[in-house]
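Trainee: I have a model open and want to learn how to read it. Where do we start?

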Amino acid sequence: MNLRAFSLGSILLLAACGSETETVQTIDVADAENSAAAEAPSNDAASAPSPAASSGIQQSLLTIPNDIFSALPGKNATRTALFGDLHVHTTYSFDAFAFGTLATPYDAYRYALGDTIQHPAGFDMTLRVPLDFYAVTDHAMYMGVSRQAADPSTEIARIMDLDYMENLNAPENLIPGGTPQRTRAFLGFLSDAGGLIADGTLSQDLVHDITRDAWKDTVAAAEQYNKPGEFTTFVAYEYTTSTADRGNLHRNVIFRDADKLPAVPFSRVHSRNPEDLWDWMDGLRNEGIESLAIPHNSNGSNGQMFKLVDWAGNPLDDTYSSQRTRNEPLIEITQIKGTSETHPLLSDNDEWADFEIMPYRIATTLYSEPSGSYAREALLNGLSFEDQGMENPFEFGFVGASDTHMAAIGDDESDFYGKTGLRDATPQLTGAVPLSAEVGERRLENTPDQVREFDAGVYNTGSPITWGASGIAGVWAEDNTRESIYNAFRRKETFATTGTRIKVRFFGGYDFTDETLAAPDMLETAYSEGVSMGSDLLPNGDRAPRFIVWATQDALSAPLQRLQIIKGWTVDGEPHEQVFDVACSNGLAVDSQSHRCGDNGAQVNLADCSISTDVGAAELKTVWVDPDFDPSVRAFYYARVLENPTCRWSTWDALKEGYEPRPDFPTTIQERAYTSPIWFRPSTG
Amino acid sequence: MKFMKSHVFWFVVLGSLIFVIDEQTSDPLDIIVVDAALERQVAALWAAQIQREPTEAEIVSLVDDWVTEEIWRRESMRLNLAEEDEIIRRRMIQKMQFITEQEAVLAPTEEELQAYYEANHERYGVPSSVSFEQLQFQSREAATGALSAGESLADLAESSMQSRVNVRQSPLQVASTFGPEFTRSLNGYDVALNWQGPIKSTFGWHLVKLLEINSSSVAPFEDIRATVHGDYTYESRLQAQADFIEQVRSNYDIVRKEE
């Protein structure tokens, strides 16, 4: 056999395939079924066009039928809670690949449905409870490029020729920990790729071809697993930009449909200015491609996510605000990298504010300035804009998400897989348990600022110990379809949980009473006489609004401890906020002065993480009237649901390894849910 | 000098020497062919990187560069540098594996995919699920009473946080929503058109209409075609490599040398 000739032939064949160019600008997979579904409903046979109309004989014009087509959903009008994750990275993300992730978007969807997939370190991952919807959101810039750059048989690996990428994730290299190669692949790949493009070594076309293929495959995976009525997927991606000071401005872009999509997602390589992303989304919307963007990790933005000036540094004007709210109706309030609700320095009267605070700017250990970084403060600033007669730039609802970089959300404290694959694959790496004596000693000497020493040994003390097994997006939707769920996003009829499947309803109105609450048609009344979470409540004379808050526990997690309403308002532009307990478990009453429930005495046994089984409530439900209501004052209200305490993941991990929990981090947490706000706006007349 | 004691070192040095002498004597002048095809090749590569066609002068210079590189390459071949280079070794292994894989799996037919799917059913399992309607009542008595209420049964139910209609829910989803006790009770029922119960959940008492039970099953081929294709291709590649090695292994005599 003439091997040389054969191999040359194969290589030429390969080169021919590789140079095939894609010229289509939009992926169009519309089919006949979709257009059939778009037909207007017709329920009156008499209004059907007469057959004669098509015969060419000039007849009288068709008459308009009298019956009314209701836009209100007829079926399941009181809606169902569905749970999902809209923030999932796979092997196509440059950083996920650097962390050893080989799982594809297909694997991600299988995992969401309950299948078992593998962690880069080789162990199995299975979701605690399957989810109802899921969206893979890989980083748009250089999507799929890392993966090819690590495979020496590809054209791009040959051109880029980065030694640290070569066979990065070959089986023999999948070892827990942050090797120098992985660190460079994570922190250096983007700038190295940019440099190679700038000096002409790497062609933009080749990068675009790879990105386009990865994006097409992402779309194909979403299409394959989307099963209307049972399981919903969204075509989505992450726009990963930041300010010059490493302030995180990341957003996930979620597309409503998959029949028509941009050929390549807009990324930071196209522009680092989020306003340009919104221009792009507006442009797509004009072409009938509907999407929304969900900012995340404002906590790590160093005050940049909700700052009061635009990208160019000018004060926010109405044009900015309306464009922002048009494109960004939701934010992520909780995820693995901490909570973005509020910060103890911003909310000193909220005893629950110091919860899973992740103090760093994203992908650094630089301190992130709280002001401008948290949702509650931004909502308050939004009211101040309205006080000045301006548009509100921060009128958003809440979702939770994971931001997993292993295709697999880890929402289970007792089985948390971390977020960055091989880099935080063991409890020693996360800092839940001490490093081995030898490694600890070396680290104490070489990197003393990244470790802490306690009786049990030297602990890693970077960002991973500040992360958590969170979170989930909840929506109230008519059914499990893209249309219903996306409409819920747009209505902001959404809530966030820190991982457990707490369900919470929140309605505002004027006539809700305890009788409403007890009636079998409570939900019909709540929807017809009030507004649901995410809506505006219009004034009704000087009457004080009444709110229905109703929550049930995750039947496989801890019972509920209390329901709260967080009120924010502004007087002469000055922000105010207050946390009201509104329902307590175990028959405890709310103190009318402190607005706090009594202690229900729920305990966690740190020796085995067992919890009190006889305290707490499966369900809490109440009608609450704002005791300090002022009809001339703008306000927002949102509900927060607190579970009884349970073990934090770091406690579970320590327990499994036979250690005490480390002393400088909370040993327990209170899982919680947050609803989108309801806004009250005084009469202008 | 540790390497002076290495057998490999002397093997390489002597081997190179013989090679060089052999090359020198039999073919004193090495020929490098420059033709139009080469010119087109370097020009195309250049155009891909710089985004415009090279000029005549640039092509001449590119060919010169290529000739210089070719001389470097051949000189390195003379010293047999490729033999000792781990990167080149791995790259050649990968190329060879790639070539053998290409022979094997270019495009499986629909029948081959189907057969593979049939033979590997255990990989494509779908977990069990139930579909049911539920109504929640304030007490066990209220639920039992409602059973005899005929058509107005649903009007007697209280408003429930949990969905009335539950489609294809896995046992874990049912347990997370209604609790483990409810899940166990539901397992005891058969599919029926009428309301059954009452059964207890974490939140109260329920009547259920069990619409469908799917025991764990195999996903339909059409639904998972892409996954099957991926698995098939992966396995065929491994098989092709194994077949190739099996075929050529007999050409090698593996001699174990004791230290």
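Mentor: Start with strand pairing. Two strands pair if DSSP finds at least two bridges between them. Keep in mind that this is a predicted model. Now the case: strand S10 (residues 330-335) of chain A is joined to S11(A) by two bridges, and the two run antiparallel. In that pair, Gln335(A) has Gly338(A) in S11(A) as its bridge partner.

Trainee: What is the strand order of the sheet that holds S10 in chain A?

Mentor: The order is S11-S10-S12 (chain A), an open sheet of three strands with mixed pairing. Strand S11 (338-339) and strand S12 (397-400) of chain A are the edge strands, each pairing on one side only.

Trainee: How do I read burial along a strand? How many residues of strand S6 (residues 232-239) of chain A are buried?

Mentor: A residue is buried if 20 or more other C-beta atoms lie within 10 Å of its own. For S6(A), eight of the eight residues are buried, so the strand is largely enclosed by the rest of the structure. Look at both faces. Thr232(A), Phe234(A), Ala236(A) and Glu238(A) point one way, while Thr233(A), Val235(A), Tyr237(A) and Tyr239(A) point the other.

Trainee: Which strands are joined to S6(A) by bridges?

Mentor: One is strand S5 (residues 133-136) of chain A, which runs parallel to S6(A) and is joined to it by four bridges. There, Val136(A) stands opposite Val235(A). Another is strand S7 (residues 251-255) of chain A, antiparallel to S6(A), again with four bridges. Tyr237(A) has Val253(A) as its bridge partner in S7(A).

Trainee: Now a single residue. Is Ala185(A) buried or exposed?

Mentor: Count its neighbours. Ala185(A) has 26 C-beta neighbours inside 10 Å, so it counts as buried. Its place is helix H7 (residues 180-187) of chain A. Leaving out residues up to four places away in sequence, Ala185(A) touches Ala98(A), Ser146(A), Tyr164(A), Met165(A) and Leu168(A).

Trainee: And what about the chain as a whole?

Mentor: Chain A has 18 helices and 30 strands. Of its 685 residues, 50% are buried. Take its contacts between residues at least 6 apart in sequence: 73% of them join residues at least 24 apart.

Trainee: How do I describe two packed helices?

Mentor: Give the angle between their axes and the distance between the axes. In chain B, helix H2 (residues 36-50) and helix H3 (residues 56-78) pack at about 105°, with axes 10 Å apart. Angles of 65 to 115 degrees count as roughly perpendicular, which makes H2(B) roughly perpendicular to H3(B).

Trainee: Which residues of H2(B) and H3(B) meet?

Mentor: From H2(B), Leu38(B), Glu39(B), Val42(B), Ala43(B) and Trp46(B); from H3(B), Ile59(B), Leu62(B), Val63(B) and Trp66(B). By class, this contact has eight nonpolar, no polar and one charged residues.

Trainee: How is chain B divided?

Mentor: Into domain 1 (2-84), domain 2 (86-116 + 218-251) and domain 3 (128-215). The C-alpha centres of domain 2 and domain 3 of chain B are 49 Å apart.

Trainee: Last, the contact between the chains. How many residues does each chain give?

Mentor: Chain A gives 30 residues and chain B gives 30 residues. On the side of chain A, helix H1 (3-18), strand S17 (503-509), helix H17 (522-529) and strand S20 (546-552) each supply at least two residues. H1(A) has the largest share, three residues. By class, that side has twelve nonpolar, twelve polar and six charged residues.

Terms used: Residues numbered from 1 in each chain as written. Chains lettered and ligands numbered in written order. Predicted model: local features only at pLDDT ≥ 70, side-chain atom pairs only at ≥ 80, totals over all residues. Contact = placed C-beta atoms within 7 Å. Nonpolar A, V, L, I, M, F, W, Y, C, P; charged D, E, K, R; others polar. Domains from an automatic or database assignment. Axes fitted to C-alpha atoms, helices over the stretch in contact; angles between N-to-C directions. Parallel < 35°, antiparallel > 145°, perpendicular 65-115°, else oblique. Buried ≥ 20, exposed ≤ 12 C-beta atoms within 10 Å, placed from the backbone.
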